[in-house]
Amino acid sequence: MKRPRISSISLDLIDAPDLQLRASIDPARLRDLADSMARRGLLQPIGLRATADRYRIAYGNRRYLAAQLLGWLTITARLLDGDPTGDIADSLHENLFRENLTPMEEAALIDHLTAVEQMDLPAVARALNHTIEWTESRAALLAYHPELQAALHAGHLGLAAARLLSDIDDPDYLTTT
């Protein structure tokens, strides 16, 4: 197995990822990450893919943003070779085990992996190291009423309550109560 190339890359040469995993990044949480990086350093390199004369973030966007916030000039990065189709799955997997994505962000990314990356749900489940049931339940959230989706995304409603409310057949129930 080929050892990954690790290098220190100028932040000025790095571009944002093609697909943002998070709908929004909480500035306070980003500041917490930056403070942690200032105290302890960068514990895990970000993943970059070379493009022409620059680099694109494959995973580690929050660490990159925190490094910018700290005024760092460079960041340690794993330079990735090979097929980039797994980058989104790798980034999603990494985020699931760090700062939690909202269920709706997870659902949107699963949708992206199935629609754009042409992965079937069992392949997505394997890539994310989750069960097919978990993956199917997250994908099903996209069929929920938009107000339920918004409440899930904002953290105002839990998954169990959203599932119960999604079973209500009256389309006006959510908007009239």
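Colleague: How are helix 4 and helix 5 oriented to each other?
Modeller: In this predicted model, their axes cross at roughly 125°. Angles of 65 to 115 degrees count as roughly perpendicular and those over 145 as roughly antiparallel, so helix 4 and helix 5 are oblique to each other.

Colleague: Which residues do these helices span, and within what distance do the axes come?
Modeller: Helix 4 covers residues 103-115 and helix 5 covers residues 121-128; the axes come within 10 Å.

Colleague: Is the crossing left-handed or right-handed?
Modeller: The crossing of helix 4 and helix 5 is right-handed.

Colleague: Which residues make the contact?
Modeller: Helix 4 contributes Ile 110, Leu 113 and Thr 114, while helix 5 contributes Leu 121, Val 124 and Leu 128.

Colleague: How do those residues divide into nonpolar, polar and charged?
Modeller: In the contact of helix 4 with helix 5, 5 are nonpolar, 1 is polar and none is charged.

Colleague: Staying with helix 5, is Ala 123 buried or exposed?
Modeller: Ala 123, which lies in helix 5, has a relative accessible area of 19%. Buried means under 20%, so Ala 123 is buried.

Colleague: How far is Ala 123 from Leu 113?
Modeller: Their C-alpha atoms are separated by 9.4 Å, and the two residues are 10 apart along the chain.

Colleague: Changing topic, where is Leu 42 found?
Modeller: Leu 42 sits in the loop between helix 1 (27-40) and strand 3 (46-51). Its relative accessibility is 23%, so Leu 42 counts as partly exposed.

Colleague: What is Leu 42 in contact with?
Modeller: Leaving aside neighbours within four places in sequence, Leu 42 is in contact with Met 37, Arg 63, Trp 72, Ile 75 and Thr 76. As for Tyr 64, it is 22 residues from Leu 42 in sequence, with a C-alpha to C-alpha separation of 9.9 Å.

Colleague: How many helices and strands does the protein chain have, and in what pattern?
Modeller: There are 9 helices and 5 strands. Along the sequence, the pattern reads β-β-α-β-β-α-β-α-α-α-α-α-α-α.

Colleague: What share of the residues is buried?
Modeller: Buried residues make up 37% of the 177 residues in the protein chain. Of the contacts with a separation of 6 or more, 71% are between residues 24 or more positions apart.

Colleague: Finally, where is confidence lowest and where is it highest?
Modeller: Confidence is lowest in helix 9 (residues 173-176), at a mean of 56, and highest in strand 2 (residues 14-15), at 96. The protein chain averages a pLDDT of 83, and 81% of the residues score at least 70.

Methods. Residues are numbered from 1 along each chain as its sequence is written. This is a predicted model: local features need pLDDT of at least 70, side-chain atom pairs count only at pLDDT 80 or more; totals for chains, interfaces and linings use all residues. Side-chain values use heavy atoms; hydrogens and water are left out. Axes are lines fitted to C-alpha atoms, for helices over the stretch in contact, and angles run from 0 to 180 degrees between N-to-C directions. Helices (H or I, at least four residues) and strands (E, at least two) are DSSP runs, numbered from the N terminus. Angles under 35 degrees count as roughly parallel, over 145 as roughly antiparallel, 65 to 115 as roughly perpendicular and the rest as oblique. A crossing is left-handed if the near helix is turned anticlockwise from the far one by less than a right angle, and right-handed if clockwise. Contact means heavy atoms within 4.5 Å. Ala, Val, Leu, Ile, Met, Phe, Trp, Tyr, Cys and Pro count as nonpolar, Asp, Glu, Lys and Arg as charged, and the others, Gly among them, as polar. pLDDT is the predictor's confidence in each residue, from 0 to 100. Buried means under 20% relative accessible area, exposed over 50%, partly exposed in between (1.4 Å probe, protein chains only).
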